Amino acid sequence: MIDNTSISAQRQLESETPQIISRQKRAFRDVWKQHWMLYVMLIPAVILLVLFQLYPLWGISIAFVKYNPFRGLAGSEFVGLQNFIDVFTRPQTFEIIRNTLYIAIGKIIVGQFTAVIFALLVHEVRFRPYQRLVQTLTTLPHFLSWIIVGAVLITVLSGAGPINSFVKALGLPEIGFLRDKAIFPWTLILSDVWKGFGFGAIIYLAALTQINPELYEAAAVDGAGRWARLRHITLPGIAGIIVLMACLSLGNVLNAGFEQVLVLYNPVVYATGDIIDTYVYRVGLVGSNYEIATVVGLFRGVVGFILIVLSYWLADRYANYRIF
Amino acid sequence: MVEDRTLANRIVDIVIWVVLGLLALSCILPFFHVVAVSLSGRAAVSAKLVGLLPVNMNFDNYAYILGNNQFLGSFGISVARVVVGVVVTLLLVVITAYPLSLDRIHMPGRLAFKIFMLVMLLFSGGLIPTFLAYRSLGLLNNFLVLILPPALNVFYTIIMINFFRGIPYELAEAAWLDGASHIDVLFRVYLPISLPAMATIALFTAVSHWNSWFDGIVYISNIDQWPLQSFLYSLVSTRRIEWQSASGSLDFQNATPEGLSAALIVVAAVPILMIYPFLQRYFVTGLTLGSVKQ
C-alpha cells in the first residue's frame with residue numbers, strides 16, 4: 001500500500017518535472033526582462049575576478065613541471081609530484097613552517113591578551129578626555145605602514161640606537177633585537193603587538209560601552225567591589241566578542257606578517273625569522289626558482305583557505321557571526 | 001557611576017592611569033625620536049646625540065628631499081594611486097553590492113556568484129602564478145597593476161551589502177513605480193543615504209593604497225614608477241642611502257643619510273596623520289568585518 005502510493009507519487013513527479021523546468025525558465029525570462037540591469041552590474045566584478053583571481057590559478061601547474069623559462073609553461077617537462085617530494089623532504093621547509101606557526105600563534109595569543117587587558121584598563125578610567133587621549137595615541141601606529149614603523153624600529157632597536165645606549169649605560173651587554181636568532185622572533189611578535197593593540201582593543205571597547213551602566217550601579221548598591229564588578233559584569237559583557245575573535249584568529253595561523261618580516265629580517269636571523277611568505281618571495285621571485293616557490297605557495301594557499309573557512313564556520317557556530 | 005573612595009581604590013586608579021600613560025607614550029616616543037633626527041644638525045646626528053628633541057635645529061634634510069626629483073615623482077604616483085584607487089574601489093564595491101543586497105528580488109545565480117566571489121578572494125594561487133599571470137596580461141610596469149587587482153575588496157563589499165540591506169525596500173519600490181531604473185535607484189536613492197558607509201570605505205582604502213609598497217617593488221621594475229612607500233623600502237632594506245651628493249654639498253651642509261631617511265619617514269607619515277581624525281570616527285564600522293587580515 002505504502003509502496004504503491006510512493007511509486008505513484010514518484011511517477012507523478014516525473015511527469016511534472018519538464019513542466020517545472022519550463023516554468024523555471026519562464027520565471028528566469030521574467031526576471032531577466034525586469035532586472036537584467038542587476039546582472040550587468042556584476043559584469044565588472046566578474047571580469048576582475050576572472051582576470052586577477054581565476055586566471056592565475058592556471059599557473060599552479062608550474063608545481064608539476066620542470067619549468068623552462070625560455071619555452072614557457074607549455075614547453076616545460078611534466079615531472080608529476082617530483083617538486084612536492086623535493087620540497088617536503090627538505091629540512092628547510094619544516095623550519096619555515098615552524099617559524100611561521102611560532103610567530104603567528106605568538107602574535108595571536110599575546111596580541112589578543114594585550115588588547116583585552118588594555119580595553120579593560122581603559123574602561124576603568126572614568127575621565128573621558130584621558131580615555132580618548134590614550135586611545136588616540138595607541139591606535140595611531142596601526143595606520144602607519146610597516147615600512148615606516150620598520151624604519152623607526154630599526155633606528156630605535158639597533159646596536160647604536162637609544163634603547164641599547166641605555167642598556168649599555170647600565171653596564172649590561174647589548175641586546176641583539178634584530179641580530180640575535182633567539183630574540184628576533186620575539187622582536188617580531190612584540191613589535192606587532194605594540195603596533196596593533198590599540199586598534200585591536202577598539203572592538204572590545206565598543207562591546208564594553210554596550211554594557212548597561214545600571215548593572216554597575218545595582219552591583220555597587222549590593223556592595224560589589226571593583227573585582228566583583230569586573231568578574232560578574234564586565235567580563236561576561238565581552239565574553240561573546242572574545243570567543244568570536246578567538247574563532248576568527250584561526251584564519252591567521254599561517255599569517256605571520258609578511259611585510260613586517262621582509263622589512264625587519266636579514267640573513268643572520270633566517271633560521272628563526274624566515275617565514276613561508278618571505279621564503280616564497282626570496283626563492284621564487286628573487287632567486288627565480290619558480291617550481292619550489294609555487295609548491296610552497298600552493299601549500300600555504302590551500303591550508304590558509306581551509307583555516308579561513310574553518311574559522312568562519314566556528315564563528316558562525318559559537319558566536320553567531322555570519323559574513324553574508 | 002558609583003565611586004568607592006577607599007584608599008586602595010584610589011591607588012588602583014593611579015596605577016591604571018600611569019600604565020595607560022606609559023603605553024601611550026611608548027606609541028609616540030619612537031616617532032618623536034625620528035622627527036628629532038630629521039631636524040638635527042650634522043654633527044649631532046653623526047655622533048648619535050639626538051634624543052627626543054632636535055639638536056642644532058635646521059631644515060636642510062627637508063629642503064634637500066623637496067628638491068629631489070625621485071622623491072617628488074614617487075610622491076606624485078602615491079597621490080595618483082590613492083585618488084584613482086579610491087574612486088575605482090568605491091564604484092566597483094557599490095555596483096557589486098547593490099544586486100547582491102536586494103534579497104527581495106528573485107535573482108537566479110546570486111548565491112552562486114557570492115560563493116564564487118568569496119572563494120576567489122579567499123583562495124590565492126600564490127605569488128609566482130599571480131606574477132606570471134600579471135606578466136602575461138601586460139600589467140608589469142603598468143600603473144594599473146596598483147589599482148585593479150585590489151579594487152574588489154571582499155570585506156568592503158560585505159560592509160556595503162549589509163548597509164544596503166538596512167535601507168527600507170519601500171524606498172526603492174516607490175522609485176521603480178515612478179519608472180526609475182536600477183541605476184537611478186542606486187545612484188539617486190541608495191548612495192545619498194549611504195554616505196557613512198562610503199566614507200568608511202573611502203578612508204580605509206585611501207590608507208591602504210597610501211601604505212602599499214610590496215606590489216610596487218614586485219610588479220614594477222622601473223624605479224621612477226614606484227610609489228613613495230616602495231621607494232622608502234628600497235632605502236630601508238638595503239640600508240644604502242643614495243644621497244651621497246647631498247652629504248657635504250654646500251647647499252645642504254646639515255643633511256645626513258640618517259637625517260634624510262628620517263625626513264622621508266616623516267613625510268610619508270604626515271598624510272596619514274592628516275586624515276587620522278576622520279578615520280577615528282569610522283573605526284568601529286570599518287573594523288567589525290576586517291578582523292581577518294588576508
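Reader: Where is the place of Ala220(A)?
Author: Ala220(A) sits in helix α8 (residues 213-221) of chain A. Helices here are DSSP runs of H or I with at least four residues, strands are runs of E with at least two, and both are numbered from the N terminus. Before we go on, this is a predicted model, where local features need pLDDT of at least 70, side-chain atom pairs count only at pLDDT 80 or more, and totals for chains, interfaces and linings use all residues. Residues are numbered from 1 along each chain as its sequence is written, while chains are lettered from A and ligands numbered from 1 in the order in which they are written.

Reader: OK, and what does Ala220(A) count as, buried or exposed or in between?
Author: Ala220(A) counts as partly exposed, because it has 17 C-beta neighbours inside 10 Å. The cut-offs are 20 or more other C-beta atoms within 10 Å for buried, 12 or fewer for exposed, and partly exposed in between, with C-beta atoms placed from the backbone.

Reader: What separates the C-alpha atoms of Ala220(A) and Ile189(A)?
Author: They are separated by 39 Å, and the two residues are 31 residues apart along the chain.

Reader: Zooming out, what's in chain A?
Author: Chain A has 13 helices and two strands. Its C-alpha atoms fill a box of roughly 90 × 75 × 45 Å along the principal axes. Of its 324 residues, 35% are buried.

Reader: What radius of gyration does chain A have?
Author: Chain A has 28 Å, whereas a compact globule of 324 residues would have a value near 20 Å. That radius is taken over C-alpha atoms, and the globule rule is 2.2 Å times the number of residues to the power 0.38.

Reader: And which domains does chain A have?
Author: The assignment gives domain 1 (2-62) and domain 2 (90-319). Such bounds come from an automatic or database domain assignment. The centres of domain 1 and domain 2 of chain A, taken over C-alpha atoms, are 43 Å apart.

Reader: Switching to chain B. How many helices and strands there?
Author: Chain B has 14 helices and zero strands. Buried residues make up 39% of its 294 residues.

Reader: How many residues of chain B are in contact with chain A?
Author: 79 residues of chain B are in contact with 79 residues of chain A. Contact is when C-beta atoms, placed from the backbone, lie within 7 Å. On the chain B side, the largest share is 15 residues from helix α1 (residues 7-39) of chain B. By class, that side of chain B has 57 nonpolar, 19 polar and three charged residues. Nonpolar covers Ala, Val, Leu, Ile, Met, Phe, Trp, Tyr, Cys and Pro, charged covers Asp, Glu, Lys and Arg, and the others, Gly among them, are polar.

Reader: I keep looking at α6(B). Why is it largely enclosed?
Author: Helix α6 (residues 127-136) of chain B is largely enclosed by the rest of the structure because eight of its 10 residues are buried. Among them are Phe131(B), Leu132(B) and Tyr134(B).

Reader: What do those buried residues pack against?
Author: They pack against α12 (276-286) and α13 (290-319) of chain A, together with α11 (214-219) of chain B. Just after α6(B), Gly138(B) takes a positive phi of about 75 degrees.

Reader: Last one, α9(B). Which residues are buried?
Author: In helix α9 (residues 182-190) of chain B, the buried residues are His182(B), Val185(B), Leu186(B) and Tyr190(B). Seen down the axis of α9(B), these fall within an arc of 95 degrees, so they line one face of the helix. The arc is that of the directions from the helix axis to the C-beta atoms.

Conventions
Two residues are in contact if their C-beta atoms, placed from the backbone, lie within 7 Å.
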